[in-house]
Amino acid sequence: MQQAEILLTGIVQGVGFRPFVKRTALENGIIGYVENREFGVKIIAQASKKIIEKFLQDILDKAPAVSTILTHSIKYLDQELSEYSSFEIAPSKKKGEISALIPPDIATCDVCAQEIFDENDRHYQYPFTNCTNCGPRFSIIQSIPYDRKNTTMRKFIMCDDCNREYTTVEDRRYHAQPNACPKCGPELRFIEIIDESPIATAKREKAFEKTISLLQTGEIVAIKGIGGYHLVCNALNKEVVENLRNLKFRPHKPFALMARDIETIEEYCEVNMDEKNMLEGQQKPIVLLSKKNDILEHVAPGVKDLGFMLPYTPLHYLLFKQFRLLVFTSGNVSEEALENNDDSAYQNLANITQYYLSYNREIFNRIDDSIVTYAGDQRILIRKARGFVPKPINIKRGIGKPQIFASGADMKSSFGLTKENIFLGSQYLGDLAYTSNTKFYKESLNYFQSIFEMKPQVVIADSHPNYFSTMIAQEFAEENELPIHKIQHHKAHIYSVMAENDLENVLGVSFDGTGYGEDGNVWGGEFFIINKTESERFAHLNYVAMVSGERAAKEPWRMALIYLYNYYPEKVESIITEKKFPQKDMIFLQLLNDSVRIQTSSMGRFFDAVASLIDVCHFNSYEGEAAMKLEALADESFSEYYHFSFDKQQSLIEVDMIIEGIVKDIQEMKSKEYISSKFHFTIAKMVFDLCIKMKNESGIDAVALSGGVFQNVVLVNMIKRVFSSSELKLFWNEKVPPNDAGIALGQVYSYLLRSR
Ligand code: ZN
Ligand code: ZN
Ligand code: FE
């Protein structure tokens with residue numbers, strides 16, 4: 001007989017972990033106990049060494065889906081347990097219960113979903129049914145320890161039945177903090193704005209029925225979800241979808257959809273195994289899926305995918321008894337922060353709808369739906385939020401290092417905090433150019449610090465002097481008298497991939513729309529050789545003048561003109577016809593001659609230029625529109641390319657031949673699909689050629705690719721194909737988005753590599 005002490009850290013509390021350990025121990029015939037401790041879970045197990053080893057393996061393999069085991073350790077002790085004859089869950093010690101980690105919100109589990117449709121169950125048709133394996137978590141937790149009294153469930157006193165479930169170890173609802181039933185839990189309300197004030201005009205079933213009939217008659221209803229409000233309407237009714245576009249100031253941006261089941265989704269999209277598993281998993285994000293037909297074209301015009309999710313709360317399940325398909329878009333105005341607070345939702349969404357299906361439990365932390373896409377079996381997180389936050393990322397290099405606050409970037413903001421080996425990234429916080437998002441950012445930063453008991457000792461920010469996130473970081477550093485370090489944007493992108501894979505030396509390919517460069521220009525088409533802390537900018541897209549600054553990013557026609565003017569001026573007149581470029585103006589052309597100007601090497605802007613040149617998109621009504629529409633035309637199995645050259649002396653990639661080739665193809669009436677495919681493959685080939693050069697120079701054969709451009713699945717797949725027969729190994733972001741929301745992790749890692 002041996003006695004072992006097993007320590008587990010991660011999200012192991014509030015997720016049904018102790019009952020799981022007990023069951024596993026009993027299955028293996030082990031005696032001992034399990035208890036919650038401040039760091040996680042401690043297990044004392046007594047059996048033969050072989051059995052204990054199998055027991056630990058079972059725990060690691062079969063842990064509840066909701067849990068995340070970050071680290072585990074085992075120590076054999078030279079004593080025998082006397083007082084245990086079985087395996088017990090030790091009573092909670094009041095002080096020792098605090099765990100630094102809390103679980104994300106979890107989609108309704110199958111058992112709960114069955115109960116709400118079972119007439120004989122006391123949860124029948126109850127929209128707030130949940131259990132230890134499912135339900136709201138992050139969104140309702142106000143403070144620690146994670147206990148009902150510290151959540152927005154506090155005001156609901158459990159009835160006898162609920163309490164019995166809550167206190168019975170063998171029960172599926174043992175310690176399920178949001179446990180509730182129709183007798184004692186939250187209830188539905190239907191709110192109407194009448195004469196500018198919100199009036200509850202129906203409750204419970206009546207509220208639900210009203211919602212159904214309004215949706216059926218083509219109205220927009222705001223429905224309160226887990227992390228905020230959704231705006232919901234009939235997806236097949238083009239008129240109401242159009243109406244929602246106008247009211248939400250989103251003329252072309254795709255809307256997310258919720259469908260009853262996979263079969264419904266398959267009527268409109270291709271769904272492979274990975275996508276199906278993600279759609280049906282416990283996180284239930286929006287999954288971007290290739291369109292099969294154009295029935296829902298008005299929901300996502302001109303792009304290749306539709307964003308689908310499946311019901312993830314009991315309320316959704318009940319709703320989808322009546323519907324098969326609904327638009328389910330975030331309840332906010334354009335790019336403003338998501339609405340969570342009832343009163344502010346009634347106020348700010350008033351221009352969109354006067355109908356609200358709400359309930360009397362407060363959302364404490366707002367958190368949007370996550371968005372996921374796949375390039376082959378590679379998962380790309382487009383938006384990391386509900387279901388994924390606040391899951392920790394393990395960074396070994398953080399052990400023994402100061403705690404860090406990394407402030408991320410601006411357009412897709414998300415900060416990160418570290419404590420030892422734990423990295424916690426915030427939920428997606430939106431574009432900080434909007435005050436509502438800046439407020440959201442600061443709220444979330446305060447929350448993360450208090451809930452996870454973090455006290456940053458070092459601050460890291462983007463080197464952009466005018467980023468709001470940099471200013472917030474500066475303020476934070478001053479207030480707390482902390483040192484602040486800055487890191488160049490595109491290098492931080494690469495370090496984020498290195499962090500995920502614990503790499504020290506890589507060839508970095510950093511492509512995005514915009515970021516502040518070390519020479520004051522706008523970078524974004526960058527190749528680096530990174531050797532631990534040393535980084536060399538090996539190559540970049542040749543600079544073009546970024547005339548008209550920010551507007552150039554919003555209006556691709558400007559970039560088209562700039563590229564043409566720069567590389568093929570004699571063709572400007574023949575390509576830039578009034579018909580194609582309605583806003584062509586002479587002042588702009590004069591500006592091109594101006595010698596004082598900001599230059600850009602942005603790959604995102606290069607995509608914009610090409611999209612406009614071939615008449616795909618001249619104005620971005622949402623970020624990335626032109627690039628997404630260009631991608632939609634490309635065939636990933638294509639293998640022709642435009643030539644380009646590399647000036648090693650100056651580290652420049654010259655693209656004049658690409659522009660020349662595209663102009664020639666336009667004049668020869670080649671199709672947009674042909675040109676787009678050829679352009680995409682050109683970039684894939686460029687990545688490959690440059691990486692080979694960098695490898696020959698440095699001997700490094702790991703390639704890390706990051707930046708918003710790598711949300712382009714066609715490009716990612718082409719790159720994988722080109723590299724498949726080479727010895728170079730590709731690394732991508734999987735735990736954080738490749739876009740700017742992943743930057744904070746890179747900022748942290750670059751500091752950790754430096755501070756050994
Ligand atoms: Zn459940
Ligand atoms: Zn109850
Ligand atoms: Fe970026």
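**Notes on the metal sites, cysteines and sheets**

1. Start with the iron ion (ligand 3): His489 (NE2), His493 (NE2), Asp512 (OD) and Asp740 (OD) coordinate the ion at 2.0 to 2.2 Å. Donors here are N, O and S atoms within 2.8 Å of the metal (3.2 Å for Na, K and Ca), and water is not among the atoms, so sites may look incomplete. Along the sequence, the donor residues of the iron ion (ligand 3) follow the spacing H-x3-H-x18-D-x227-D. Distant parts of the chain are linked by one pair, 251 residues apart: His489 sits in helix 13 (residues 489-501), and Asp740 in the loop between strand 31 (729-732) and helix 23 (743-754). Helices (H or I, at least four residues) and strands (E, at least two) are DSSP runs, numbered from the N terminus. His489 and Asp740 are both buried, where buried means under 20% relative accessible area, exposed over 50%, and partly exposed in between (1.4 Å probe, protein chains only).

2. Before going on, a word about the model: it is predicted, so local features need pLDDT of at least 70 and side-chain atom pairs count only at pLDDT 80 or more, while totals for chains, interfaces and linings use all residues. Residues are numbered from 1 along each chain as its sequence is written, chains are lettered from A and ligands numbered from 1 in the order in which they are written, and side-chain values use heavy atoms, with hydrogens and water left out.

3. Why is the arrangement around the iron ion (ligand 3) called irregular? Because its four donor atoms subtend angles of 87 to 165°. For comparison, four donors count as tetrahedral if all angles lie between 85 and 135 degrees; four count as square planar and six as octahedral if opposite donors are over 155 degrees apart and all others between 65 and 115; anything else is irregular.

4. Now look at the zinc ion (ligand 1). Its protein donors are Cys109 (SG), Cys112 (SG), Cys131 (SG) and Cys134 (SG), at 2.2 to 2.3 Å. The site of the zinc ion (ligand 1) is tetrahedral, with angles of 104 to 117° among the four donor atoms. The ideal angle for four tetrahedral donors is 109.5 degrees. In sequence, the donors of the zinc ion (ligand 1) are spaced C-x2-C-x18-C-x2-C. Of these residues, Cys109 is buried at 14% relative accessible area, and Cys112 is buried at 1%.

5. A polar atom of the His316 side chain lies 3.1 Å from the backbone nitrogen of Tyr312. Leaving aside residues up to four places away in sequence, His316 touches Met258, Pro311 and Phe328, where contact means heavy atoms within 4.5 Å.

6. Next, strand 8 (residues 221-224). Val221 and Ile223 point one way and Ala222 and Lys224 the other, and all are buried. In a regular strand the side chains alternate between the two faces of the sheet. Strand 8 runs antiparallel to strand 9 (residues 229-234), joined by four bridges; two strands pair if DSSP finds at least two bridges between them. A hairpin of four residues connects strand 8 to strand 9, and Ile223 stands opposite His230. Strand 8 is also joined to strand 14 (residues 355-359) by two bridges, and these strands run parallel. There, Ala222 faces Tyr356.

7. Strand 13 (residues 325-330) is mostly covered, with six of its six residues buried. Strand 9 pairs with strand 13 in the antiparallel sense over five bridges, and Leu231 has Thr329 as its bridge partner. Strand 10 (residues 256-259) also runs antiparallel to strand 13, through three bridges, with Ala259 partnered by Leu325.

8. Finally, six strands form an open sheet of mixed pairing, in the order 17-20-19-18-21-22. Strand 17 (393-394) and strand 22 (484-487) are at the edges, each with a single partner strand, so one side of each has no neighbour in the sheet. Strand 21 (residues 458-462) runs parallel to strand 22 over four bridges, and Ala461 stands opposite Lys486.

Technical notes:
Polar contact = N/O pair within 3.5 Å; in protein donor to acceptor, adjacent residues only side chain to side chain.
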